[in-house]
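Please look at the sequence and the 3D structure below.

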Amino acid sequence: MSEIRDVNLWEEGERKIEWVKAHMPLLNMIEELFIEEQPFKDVKIGLSVHLEAKTAYLCTVLAAGGAQMFVTGSNVLSTQDDIAAALVRRGMNVFAWHAATEEEYDHHLRCVIEAAPNIIIDDGGDLVHLIHTEYPQNISEVIGGCEETTTGINRLIAMAQRDELKFPMVMVNNANCKYLFDNRYGTGQSVWNGINRTTNLIVAGKNVVVAGYGWCGKGIAMRAKGLGASVIVTEVDPIRALEAMMDGFKVMPMGKAAPLGDLFVTATGCCDVITKEHFNAMKNGAICCNAGHFNVEVSIRDLESIAKEHFEARANIEGYRLENGNVIYLIGEGRLVNLAAGDGHPAEIMDMSFAIQALSANYLVRNRGKLPATVLLVPEEIDKYVAEKKLETMGIGIDHLTAAQREYCQS
């Protein structure tokens, strides 16, 4: 029942999956545990995450635990056709292909939901939103779910506040072993991997404007500084703005940053961060890209409305010539630049994030019917287990409190 574009691409996809597997020791350990315990026997898992090699290995680990997998991508440009083909070859139900239209993307989501999954693994909240709004008859089949990213968490919290969330959702993104590493170091590196290999331009000496100073923005700014850029941060939160200033970055509104920036990266999770007034103020040749989940942070609607010419400047880079003669460049259609123009986070980082996903899904199954229909933190024991095992795989040991020290700390 799979729907993919080309099933014959599987060999290259297999090579990619085996490569990341060799660099994801935590998931290797969990796979061995799941093979033995079969925690997902008779369980259907619906997954919508960026469909590339690391996600494919997560699917493989869940399937090794007995799960019947129904898989789609969470972004039309991050889906890799060879990976989709490899997963079909491994016996999974896959509904995805690269550069799907919005209608095709919606259809793929529906195919996953119509399989009536018991566990949902979401990235951005599209599966959860769709099942609540258009497939209420399938809600009773859902044990619970896990959400991977900040945008999805925000959507879930809003649903819970309106008392609309009908099953428990574990906030994987909010686990320490996720956001402190994936969001900061993973995003920080992968965003610049995507920008650099797509533009083939130097970063050193340029003015880089980073919109948003959450954990993703922190990582992007830190890596830009390391590459030799002069970094400007824009924020709406005064505490984060103050933190950026004390981290050594210039802080100003986007209106003031627009004429100064050579390269703009948005990472806010909000919409209309860069709009018509900013495009008109930018230098000729300014480059814009987005590291937030949805392609709404750089307003493509505004850019198209003021452009007198639109052209392909380079593979995955579009040029927009404005009335004043300046050209503004947009990478990857304003979609997640680290995936639309790259391979996403390093395998070693996703090893932690996906270990939390796998263990959280297991936690939901073990506690079926016992958890409230709201947003839940990842249990502390899962967070600490992942940290301890990651250190162990790196050959690193740490100190442990003595009995006297524990007594002192508790006194």
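Helices α1 and α4 are roughly perpendicular to each other, where angles of 65 to 115 degrees count as roughly perpendicular. α1 and helix α4 (residues 81-89) pack at about 90 degrees, and their axes are 7 Å apart. Axes are lines fitted to C-alpha atoms, for helices over the stretch in contact, and angles between N-to-C directions run from 0 to 180 degrees. Helices (H or I, at least four residues) and strands (E, at least two) are DSSP runs, numbered from the N terminus. On the α1 side the contact (heavy atoms within 4.5 Å) is made by W10, E12, G13, E14, K16 and I17, and on the α4 side by D82, I83, A85, A86 and R89.

This is a predicted model, in which local features need pLDDT of at least 70 and side-chain atom pairs count only at pLDDT 80 or more, while totals for chains, interfaces and linings use all residues. Residues are numbered from 1 along each chain as its sequence is written, and side-chain values use heavy atoms, with hydrogens and water left out.

Helix α1 (residues 10-21) also packs with helix α3 (residues 53-64), at an angle of about 80 degrees and with the axes 8 Å apart. That angle makes α1 roughly perpendicular to α3. Here K16, I17, V20 and K21 of α1 meet A53, K54, A56 and Y57 of α3.

Elsewhere, side chains of opposite charge can pair when their charged atoms come close. The whole structure has 23 salt bridges, each a side-chain nitrogen of Lys or Arg within 4 Å of a carboxyl oxygen of Asp or Glu. One of them joins K218 to E243, with the closest N and O atoms 3.3 Å apart. K218 lies in helix α9 (residues 215-226) and E243 in helix α10, so this pair ties together parts 25 residues apart in sequence.

How values were computed:
Parallel < 35°, antiparallel > 145°, perpendicular 65-115°, else oblique.
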